[in-house]
Amino acid sequence: MGYEPGGGHVTSIITALAFVVLAPLVGGLVAGVDRKITARMQGRVGPPILQPFYDVAKLFEKEDVTVTPSQNLYIVAYLVFMIVSGAYFFAGGDFLLVIFAFTLAHVFIVLGAYAAYSPYSHIGAERELITLMAYEPMVIFTAVGLYMVTGSFYISDIATSTVPAILYLPGVFVGFLVILTIKLRKSPFDISTSHHAHQELVKGLTTEFAGPVLGKIEIAHWYETVVLLGMIYLFFGFNPVLAIVVIALAYLLEIFIDNTFSRMKWQWTMKSGWGVAATLGFLNLVIVYYLYMGV
Amino acid sequence: MAYLKKSPWLLHYDASSCNGCDIELLACLTPLYDVERFGIINTGNPKHADVFVITGGINELNREVVKNTYEQIPDPKVVVAVGICACSGGVFRECYNMAGGVDQVIPVDVYVPGCAARPESIIDGIVKALGILEEKREEMKEKEKKHGN
Amino acid sequence: MNELIFLILFPCIIAFILLLLPNNRIRDAIVALSGLVISIGSIYLFATSFTGGSVYFPFPFEPTAQVMFVIEMAIALLLLYLGVKFKQYIAVLLVLVQTAVMLYFEMTMAHGLEPMRNLFIDEFSIIMALIIGIIGSLIALYATSYMNTYHEHHPEVRDRRRMFFFVIFVFLSAMFGLVFSNNLLWVFFFWEITTLSSFLLIGYSESEVATNNAFLALKLNLLGGIAFAASFLYLASVDPSGGLLELDTLIASGQSIAIVPAVLICFAGLTKAAQMPFSAWLVGAMVAPTPVSALLHSSTMVKAGVYIIVRFAPVLLGTLAGIAFGLVGAVTFLVASAIAISQTNAKKVLAYSTIANLGLIVACASVGTPELVWAAIMLIIFHAVAKSLLFLCVGTVEHRTGSRDIEDMDGLIVRFPKIAVMMATGIAGMFLAPFGMLISKWAAIEGFIDAPFGIVFVTILAFGSAVTVFFWAKWMGKILSVTPYGENLEGSVSRAKWVVLSSLTVLTVLAALLFPLVSSVLIEPYVLGIYGETARLAQDNIIIMLLMILLLLILPLSLYTSSKESRKLPVYMGGRPTTPDLKFAGSLGIQREMTTRNYYFEEYFGEKKLLHYSNPLCVLLILVAAALVAWGMSQGVVM
Ligand code: SF4
């Protein structure tokens, strides 16, 4: 508070715009690579890398059907706020505000699912809220930990800080990886919507969305993925090359986890999210807090 | 552009199959056949689906279900009847509760015969269906244009 | 000074007029008019004096103090009578103790006292006055219409509406008095009146539950009252001339003198602000008619509790006692939010969310750094607006549908579109990003990091805010789900209610839009005046948040812009043939109905279960605070 961010406004605006334009491309590619590697891990050839783009393009070719028109409104809001919060992240804005804006975006997709008044999307919505509740503390811890190490809540300052944040925050980083699994909707935490057919959820959260609206949800996911990977970068801001390598490795790890676990009960998600926050995250923060307060 | 062809999402419904055809259909997803190579995904949700794959014949209990599910698939959509049961009722045709093949209830675009239909022929049928899907999309577009004018 | 006296006395006079009037339109008109006058009065006060900083007025101590003393004794007698009548002997005992303390003080110490500057006004008082004046009057106006329906629905309740409106206006008057008094004796006088008023209002329906809950509120608040009264003994013994009874002198006198009375008075604040372990009274208070709940939760009563703690924040700053009180608030915040998850009764959810938010305010104020005081005052403002809106929405829905259960609010957007949107706005105001409560929470996180023991508070806040998102969002989803059945029932809601509800909705949005202004005009000068430094949000963040609000306001328009209608499909029910009201043939042909139910997690977040741990913990924390101060006093250090 009362502190102005480093870096000029012009660069901020440029990076934000770059995010708005490039993030869907990057996010889509990441999703494509994800599917390819997943297939390879299962001994399959897998779809082309560009498959996610084909999927979304197709969705926009489909007929627009809804249960209630207000659903579409919520999804537009979801996409818009996903972009706004991501853009603010890449503009170097306040980490906490970015987190809260993300929550807002997520609440919109949840409301969209509730709006349909459908049994499957209702249960998906409820479970999405559970995941939201499960990962939120750890995300806030991440922001707080980075603040204590780098002295700023501004992404621009954290990303350009020369402090090797990861050395101070190993616990927080591991905790972040756990909630990354939740946020990327990977097994064992894909409780709100499932990637696979023949499940009791049908498609959970997204059951009642079709065609272009579903396409928007996909695009919002891509934006989200990019921001999440950007958060990993913050731990390694002192060495961009290392950061990129770690991001790649972390994502690979997520794919591996996804393929080795089956979907667990929601209790497991809660316990994992809160568990890592309360143990690894908290202990790490207490230690850093001591260093930081100079006691 | 025809992205539909590149990303057909399936909905599989087991009307009253003996499970033989179901197993063969699922075999298509296994590493040996890996239909995801063609962007094919088994969605399990009519609202996300493009291709409606039905195994087994229609009976009096699932008649409405098949109809409802079909209606909930957004246009353009195609229906593939897999197995001789789905095509005509097959060996169960004469049973007291059978209505017959899938086309008794909804329009079928591709028939894949066989008991059970082999994965190769199922894939073949779906690829054929994609051509029809594309035609339907163009029809839909033209209709929209006419409405626009 | 005349404005202050007007704001204190005018509601009081109106109260007596209302006491004489029968149930008719004239009374409704008088309530509406005087509400208007009071709100204009508070806005006038703001407009004329917000630039003035703190101004103290030498209002003569005597004979006002004598009148107050007489009234206090009369109140004590009334309470004694009621206590004996309803066999509430603990309440009787507490009244006796408190009266004894006050009598002793009056007999032995009060003679030399001549506090001079008895009335005052500063930016914080103005904020409180605006909240009391505007929101309080709106609630009173709403009550006119509500109480008519209430008595139609509850023929068994004795019609005591004269008394009801009398007490409501006395309540407002007392709140004005409380925030304008610089003399602690006077603060205490008004403090006791608010306790009495809430006691009378909670017990309005005279049912057994109502009476018991009213006495519960009385007992817990009397505990605080006794502590408050005890502080006078200390103050008068330290300075027999009574100078320390002036609030500003006391706070300026330094921690070594002020810490003891500060802890005593803040303890009273904890009871009034329904912190654990005293939270039960506020939950019980929901038996009262809804406008009473709205009043207690938003602009009066509990806000008096946090008001006084915020006032004493500079004294608590840096003390271990302050940290202990802060932890009471933080634990209350976390546990009350968690309990809110398990409640299906909308009023109970609101009650626990109030307790939680007050907890956050108490935590901020007790730790007491400038940033945190800034956050605390922000919280007070936003909470008052959004919470009153929510209570009144729930009250309206309850009257139309006969239920205040969240599970019965499916498709509220279909049955009561406007009210559902208002309710959703209120809920959004309680936890979503560009709205006020979240701004304050965020400022609180940033503020706590730099405070001693901050990491504990930040941790509690992180978990608490996650829980908050859950219980609000699931409620919001419930009311916004579009059921395929149900018809619009909104026509039957009266005009007065519409006026109040829409004003409060507009206020909720305006508060979010104008908060930078409120901050720079009122809160920052106040914090600057007290600490010599101030806090604010960075410019960039404010711009982004305003952008987000504008987006939120624009987005609904997109509903009207989409050119072609999308085809409507029924929901996916596994392909089963379903009737329009979602009935379907289950197995064996039995007809079943699709219903949805939210998660409540009784087994994890049950009320009894959590209170079982949190109440003893908070008692312990309060005892620690007391022990620290006592030990510090004996050693001559401030703990
Ligand atoms: S076609 Fe043959 S294998 Fe397929 S469902 Fe019918 S009987 Fe079974």
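In this predicted model, helix 22 of chain C meets helix 23 of chain C through C:Val509, C:Ala512, C:Leu513, C:Phe515 and C:Pro516 on the helix 22 side. The partners in helix 23 are C:Ile542, C:Met545, C:Leu546, C:Ile549 and C:Leu553. By class, this contact has 10 nonpolar, no polar and no charged residues.

**Geometry of the helix pair**

- Two packed helices are described by the angle between their axes and the distance between the axes.
- Helix 22 spans residues 495-531 of chain C, and helix 23 spans residues 539-554 of chain C.
- Their axes come within 9 Å and cross at roughly 155°.
- Angles over 145 degrees count as roughly antiparallel, so helix 22 and helix 23 of chain C are roughly antiparallel to each other.
- The crossing of helix 22 past helix 23 in chain C is left-handed.

**C:Tyr526**

- C:Tyr526 also lies in helix 22 of chain C.
- C:Tyr526 counts as buried because its relative accessibility is 3%.
- Leaving out residues up to four places away in sequence, C:Tyr526 touches C:Asp122, C:Glu123, C:Phe124, C:Val310, C:Arg311, C:Val373 and C:Ile377.
- C:Pro370 is 156 residues from C:Tyr526 in sequence, yet their C-alpha atoms are 9.9 Å apart in space.

**Ligand shell in chain B**

- The residues around the ligand are B:Ser17, B:Cys18, B:Gly20, B:Cys21, B:Gly83, B:Ile84, B:Cys85, B:Gly114, B:Cys115 and B:Ala116.
- Helix 1 (20-27) and helix 3 (84-88) of chain B are the elements that give two or more residues to this shell.
- By class, the shell has 6 nonpolar, 4 polar and no charged residues.

Technical notes: Residues numbered from 1 in each chain as written. Chains lettered and ligands numbered in written order. Predicted model: local features only at pLDDT ≥ 70, side-chain atom pairs only at ≥ 80, totals over all residues. Heavy atoms only, no water. Near = heavy atom within 4 Å. Helix = DSSP H or I, 4+ residues; strand = E, 2+ residues; numbered from the N terminus. Nonpolar A, V, L, I, M, F, W, Y, C, P; charged D, E, K, R; others polar. Axes fitted to C-alpha atoms, helices over the stretch in contact; angles between N-to-C directions. Parallel < 35°, antiparallel > 145°, perpendicular 65-115°, else oblique. Left-handed = near helix turned anticlockwise from the far one by under 90°. Contact = heavy atoms within 4.5 Å. Buried < 20%, exposed > 50% of the residue type's maximum accessible area, 1.4 Å probe, protein only.
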